[in-house]
Amino acid sequence: MKLYCLSGHPTLPCNVLKFKSTTIMLDCGLDTTSVLNFLPLPLVHSPRLSTLPGWVSKDATINLEKELKDCAGRVFVDSQPEFCLPERELLDLSTIDVILISNYHCMMALPYITEHTGFTGTVYATEPTLQIGRLLMEELVNFMERVPKAQSATCWKNKEMQRMLPAPLKDAVDVWTWKRCYSMQEVNSALSKVQLVGYSQKVELFGAVQVSPLSSGYSLGSSNWIIQSHHEKVSYVSGSSLLTTHPQPMDQSSLKNSDILILTGLTQMPTANPDGMLGEFCSNLAMTIRAGGNVLVPCYSSGVIYDLLECLYQFIESANLGTTPFYFISPVANSSLEFSQIFAEWLCHNKQSKVYLPEPPFPHAELIQTNKLKHYPSIHGDFSSEFRQPCVVFTGHPSLRFGDVVHFMELWGKSSLNTIIFTEPDFSYLDALAPYQPLAMKCVYCPIDTRLNFHQVSKLLKEVQPLHVVCPEQYTQPPLTQSHRSDLMLELQPPPMPYRRCSVLNLPFRRRYERVYILPELANSLVPSEIKPGISVATVSAVLHSKDNKHTLQSVPKPPPAPPSKKRKRVVEEPPVVLAPKPLLSGAVPLDTFLATLQKHGITEVKVEETTDGHILHLQAEDTLIQLEEDGTHIVCDNNEPLRTTLRDLVLRFLQKL
């Protein structure tokens with residue numbers, strides 16, 4: 001069993017498991033942190049960004065003025081943002097049989113895998129994962145296509161050139177493999193390969209293994225996966241949460257008795273309490289609005305935003321923010337808010353019960369009805385005529401490199417009355433803000449990450465007790481900035497097996513058993529013999545028939561009757577020649593009783609020698625050796641066949657024939 005690791009990002013994993021002749025990809029996360037190296041894409045012409053000076057090395061030997069721009073002492077690529085893809089050279093991706101998706105954030109690289117590698121398999125995901133994943137992809141494509149860049153920067157990617165660039169560009173990994181965003185046509189083609197599954201539904205793969213999704217408690221439709229055969233079990237835990245939020249709670253019991261547990265997607269903010277961050281978010285928002293400023297919240301169009309809106313729903317009245325407009329701007333804003341209300345069976349019990357009252361499970365429906373929350377596809381059109389300040393705007397992209405958020409950064413960045421509140425943990429807020437410096441607006445960092453922290457995951461692993469744990473190497477050591485915090489790492493016995501991008505792990509796991517079925521008529525012909533109280537065995541002569549990884553013992557076909565004519569007809573397919581099976585022997589030869597039996601038959605001169613495996617009997621007068629061992633008896637007798645036969649018959653008296 002092998003594990004190929006194609007991504008270096010622990011919360012955006014992409015691994016390939018080879019298990020019992022099947023090749024299974026576990027998630028295909030897209031590392032979007034690479035976009036932080038690029039200049040933002042403004043929706044309207046930005047005089048500030050268009051007049052940034054080009055970058056030239058200090059000794060003037062490298063001139064990349066057209067490709068690289070200098071902003072507040074940091075260098076950015078002036079081109080369409082590009083993404084760091086999962087590794088594609090480690091193995092032939094066209095051999096992948098299935099792709100299992102754990103949540104909608106971990107499927108953003110799907111079109112790169114399914115459309116450009118010769119992939120012909122099936123993708124399995126839950127319905128909310130597919131539908132919300134589609135929205136996030138559609139939003140990403142929309143952000144890119146509505147602000148096309150004429151020029152494409154490629155010279156800076158040259159290995160020799162990159163080495164001479166300032167950090168962080170010179171430290172960027174595999175830049176020559178970075179790719180621009182896919183098209184909507186590729187998105188539709190990729191998602192057409194998705195087959196929907198429900199929690200605990202068992203899906204058979206080629207008769208070899210069964211896969212089954214379990215609720216992971218992190219987001220709508222998010223899953224952990226069980227991959228098992230008749231005698232082996234692998235659990236894949238990715239992006240899970242034990243907190244009580246809007247999704248169904250995590251199914252922990254089904255993870256028990258795993259031979260291997262692959263662990264990814266732990267919290268990126270192990271020291272930040274999500275409840276504390278929500279409280280800080282609300283208080284900073286209220287403080288800014290009361291001072292007459294605007295609040296900008298860069299966020300994804302699905303996920304944490306549902307919890308933020310629910311929190312604000314309870315907070316608005318008590319904080320006297322009833323007249324403050326809240327705007328949600330995204331090409332898919334309307335669909336996202338509607339989808340969250342219709343996936344009732346994927347929600348926690350509390351929200352499910354509201355559907356039968358009937359009430360909308362999320363309170364943002366009421367915010368929309370009372371005009372406190374308004375949603376728009378973009379800043380153009382209706383929004384520009386209805387927009388009033390001070391207000392709160394939720395919009396994307398959290399990287400601040402594309403989307404409507406770029407416009408608000410240019411619009412509000414110069415005033416210290418305004419505040420930007422970061423809630424998504426995927427991007428460093430300092431790196432996100434770098435191309436907007438110098439910046440007057442206040443910045444608040446409230447990362448809300450509900451995924452498992454190290455304390456929770458240690459407790460979980462003690463309960464489910466897998467034989468072996470495999471995880472990203474980042475989880476086996478404390479963070480670089482907090483090297484003294486041994487509580488921010490996994491300490492297990494036996495130690496977890498770490499992996500990094502491009503690792504190939506031989507998992508410590510050998511298949512020992514295979515299930516074989518026996519046909520009823522063959523089973524009926526068996527004659528069991530009891531060898532110990534309660535234990536019977538029987539010999540069987542059969543043909544082993546294997547098809548689609550299912551093995552069946554069938555009766556040996558009888559040879560066809562001889563043809564009546566003298567001319568022998570050629571048999572197309574001759575049945576296997578069946579030899580009469582030799583009887584199997586069981587039992588042990590007791591030494592003292594056997595010596596007494598030899599004496600009765602006139603063999604008296606016997607020298608007994610004890611060995612590690614049993615005894616050697618030397619019949620001196622007959623010049624013969626008898627080796628009595630636990631798993632066999634050997635008679636060494638030269639040129640005296642009658643004596644050998646006699647001795648054999650004496651040994652057989654003490655053994656049971658099967």
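Start with helix α6, residues 274-290, and helix α7, residues 304-316: they pack at an angle of about 60°, and their axes are 11 Å apart. Keep in mind that this is a predicted model. An angle from 65 to 115 degrees would count as roughly perpendicular and one under 35 as roughly parallel, so α6 and α7 are classed as oblique to each other. The crossing of α6 past α7 is right-handed.

Which residues make the contact? On the α6 side they are L278, F281, C282, S283, L285 and A286, and on the α7 side L308, C311, L312 and F315. By type, the residues of this contact comprise nine nonpolar, one polar and no charged.

Next, the cores. The largest nonpolar core contains 110 residues. Those with the most contacts inside it are M25, F83, I99, L110, F281, L285 and F394. F281 and L285 also belong to the α6 side of the helix contact.

Leaving out residues up to four places away in sequence, L285 touches V295, L312, L321, F326, V392 and I421. Of these, L312 is one of the α7 residues in the helix contact.

Last, T597, which sits in helix α16, residues 591-600. Is T597 buried or exposed? Its relative accessibility is 11%, and the cut-off for buried is under 20%, so T597 counts as buried. Neighbours within four places in sequence aside, T597 contacts L650, R653 and F654.

Technical notes. Residues are numbered from 1 along each chain as its sequence is written. This is a predicted model: local features need pLDDT of at least 70, side-chain atom pairs count only at pLDDT 80 or more; totals for chains, interfaces and linings use all residues. Side-chain values use heavy atoms; hydrogens and water are left out. Axes are lines fitted to C-alpha atoms, for helices over the stretch in contact, and angles run from 0 to 180 degrees between N-to-C directions. Helices (H or I, at least four residues) and strands (E, at least two) are DSSP runs, numbered from the N terminus. Angles under 35 degrees count as roughly parallel, over 145 as roughly antiparallel, 65 to 115 as roughly perpendicular and the rest as oblique. A crossing is left-handed if the near helix is turned anticlockwise from the far one by less than a right angle, and right-handed if clockwise. Contact means heavy atoms within 4.5 Å. Ala, Val, Leu, Ile, Met, Phe, Trp, Tyr, Cys and Pro count as nonpolar, Asp, Glu, Lys and Arg as charged, and the others, Gly among them, as polar. A nonpolar core is a set of buried Ala, Val, Leu, Ile, Met, Phe, Trp, Tyr and Cys residues joined through side-chain atoms within 4.5 Å. Buried means under 20% relative accessible area, exposed over 50%, partly exposed in between (1.4 Å probe, protein chains only).
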